[in-house]
Amino acid sequence: MLNQSLQSPKADILVIDDTPENLHLLSAMLTEQGYKVRSVTKGSTGLRGANAAPPDLILLDVNMPEMNGYVVCQHLKANDRTREIPVIFISALGDVLDKVKAFAVGGVDYITKPFHLEEVLARIDNHLTIRKLQKQLQAQNERLQQEIHDRAKAEEKFTKAFRSSPNPIAIATVSEARFIDVNPSFLRMSGYLLDEVVGHTITELDFGKDVGAIAKTIQLLLETSSLHNQEFEFSTKFGEVKTILLSIELIDLSGVQCALLIANDITERKRLENEFISLVSHELRTPLTSTMGALDLLGAGQLGNLNPQGQKFLSIATTNTERLIRLVNDILDLERMKSGKIFMRKVNCNAAQLLITATEAMQAMAEKSQVKLIVNAINIQLWADPDRLLQTLTNLLSNAIKFSAPGDTVKIGAALPDDENVKSKENESATTKHLLITIQDEGRGIPEDKLQLIFERFQQVDASDSRNKGGTGLGLAICRNIVQQHDGKIWVQSILGEGSTFYVLLPLASSQ
Ligand code: ADP
């Protein structure tokens with residue numbers, strides 16, 4: 001106890017006693033123990049002092065001429081500022097009535113004269129500890145109250161946003177992808193009634209062919225905890241197919257892990273965009289082809305020789321026209337693929353041969369950029385459209401070279417996947433075996449938030465990439481489309497400043 005008293009040097013004790021010897025004795029004793037002591041001889045002075053600067057504890061004499069201790073204590077307890085201060089009575093009268101009265105007016109303890117040092121200190125220490133704990137509890141209680149209040153407010157805000165959001169929103173469990181709640185916008189978009197959705201799993205509901213993908217994406221969410229603007233096809237109750245962008249967050253609902261799905265219906269935007277892009281592309285193709293023809297004629301010197309400045313301008317015009325033609329061709333290619341106008345002509349083809357052909361095709365570009373190409377092929381048969389796969393591999397190699405620095409190495413290889421992480425990307429339900437092709441560079445890398453986005457149309461890490469690197473922002477979208485039409489998967493892992501690895505997982509020919 002004594003030690004504890006020593007450990008609380010800051011405790012501030014007010015002693016109110018009309019007997020100067022007592023005052024002196026108590027003050028000296030307490031000061032020596034490290035307490036901060038204020039002493040007064042009158043009840044009224046004590047009340048003023050306590051009100052002005054509330055102490056941690058008050059030692060109060062019962063017998064004082066002007067205002068006795070009980071009355072002083074009553075005043076203390078009637079004042080909000082001093083109510084909670086523990087009051088220990090000091091009394092020479094040991095009789096029962098005094099003690100009862102002392103507790104009745106709000107005292108917490110009493111000490112009888114003559115004082116026993118150890119006892120006085122033990123009592124003071126006890127009550128300071130109790131008061132300290134009380135204060136802690138009070139503060140904790142206030143914090144909890146505030147938290148409850150904040151939560152209630154946040155919940156109210158969320159509920160309002162959920163109900164009135166123009167975006168379709170749904171909450172589903174992660175374990176089963178079972179709907180817990182959906183908002184009115186979701187019901188409007190899907191055409192379903194609340195009862196037809198809530199309580200059912202995503203797979204039970206006929207939301208179209210991408211539903212399995214949504215359920216899988218929710219599972220995948222456990223690794224990333226949030227996904228943004230993933231594009232899905234969504235069938236309404238009446239069979240209408242809509243394109244939605246889905247953002248998913250993991251949330252905890254009373255201990256149940258759930259996914260908060262926020263959709264953005266982009267069907268109309270997409271239709272207009274596609275219509276516009278395809279119209280513009282078709283309109284651009286003919287004039288661009290004839291411009292290129294004219295530039296070729298000029299370059300061949302058939303219309304007379306150009307001076308060096310003329311040749312420089314011609315070269316700029318040719319590079320830019322080539323880029324525009326590439327862009328238009330890519331747009332039309334992607335559009336035809338998406339609308340199913342391009343069929344994959346799948347045959348048994350040799351993976352090693354494909355990798356070597358792709359590497360040879362990119363050799364000149366690699367040399368020009370002073371990048372070393374290393375191929376590590378595997379002799380295995382794929383069930384694929386060789387032209388389209390070549391298009392995918394050369395595109396990935398071209399990117400790897402483009403974003404590498406002179407002296408870097410780009411490796412292309414293929415292997416049967418053994419890594420669990422990769423296995424999870426395989427379609428578990430199918431018994432098909434897969435080949436994993438990797439294109440690894442030591443280039444500038446891709447920021448984490450762009451790893452998925454770059455597979456979307458016109459998405460580039462840097463807006464200047466198309467200008468500086470001659471790209472169109474469509475290459476990876478085309479690659480993804482081709483790979484998907486082979487029932488395969490494409491993804492990328494990257495470390496900024498260290499390089500990127502693109503993975504292409506493809507089914508092997510069934511004879512393998
Ligand atoms: P682009 O024609 O611009 O290359 P892509 O669709 O092929 O279009 O690629 C989209 C963007 O992804 C690129 O502009 C670049 O920002 C990024 N990217 C693709 N591959 C790599 C890579 N190997 N290293 C770094 N960034 C890359």
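How many cavities of 30 Å³ or more does a search of the whole structure find? The search finds two. This is a predicted model, in which local features need pLDDT of at least 70 and side-chain atom pairs count only at pLDDT 80 or more, while totals for chains, interfaces and linings use all residues. Residues are numbered from 1 along each chain as its sequence is written, and side-chain values use heavy atoms, with hydrogens and water left out.

**View 1. The largest cavity and its lining.** The volume of the largest cavity is about 110 Å³. A cavity is a set of points, on a 1 Å grid over the protein atoms alone, where a 1.4 Å probe fits but cannot get out. Grid points are joined across faces, edges and corners, and the volume is the space filled by probe spheres set on the points. The lining consists of 13 residues, and Phe186, Ile214, Phe234, Leu246 and Leu261 lie nearest the centre; a lining residue has an atom within 4 Å of a point. Two or more lining residues come from each of α7 (184–190), β9 (241–253) and β10 (256–265). Helices (H or I, at least four residues) and strands (E, at least two) are DSSP runs, numbered from the N terminus. By class, the lining has 13 nonpolar, no polar and no charged residues. Ala, Val, Leu, Ile, Met, Phe, Trp, Tyr, Cys and Pro count as nonpolar, Asp, Glu, Lys and Arg as charged, and the others, Gly among them, as polar.

**View 2. The salt bridge of Arg83 and Asp80.** A salt bridge is a side-chain nitrogen of Lys or Arg within 4 Å of a carboxyl oxygen of Asp or Glu, and the whole structure holds 15 of them. Between Arg83 and Asp80 the closest N and O atoms are 2.6 Å apart. Arg83 is partly exposed, at 35% relative accessible area, and Asp80 is exposed, at 60%. Buried means under 20% relative accessible area, exposed over 50%, and partly exposed in between (1.4 Å probe, protein chains only).

**View 3. Asp333 paired with Arg388.** The closest N and O atoms of this salt bridge are 3.3 Å apart. Asp333 belongs to helix α11 (residues 308–338) and Arg388 to helix α13 (residues 386–402), so the pair ties together parts 55 residues apart in sequence. Both Asp333 and Arg388 are buried.

**View 4. A network with Asp109, Glu119 and Arg123.** Salt bridges that share partners join these three residues. One of the bridges links the side chains of Glu119 and Arg123 (3.0 Å, N to O). Glu119 and Arg123 are separated by about one helical turn because they are four residues apart in helix α6 (residues 117–164).

Definitions and conventions. 1 Å grid on protein atoms, 1.4 Å probe; cavity = no way out; pocket = protein on both sides within 12 Å on 5 of 7 lines; lining within 4 Å.
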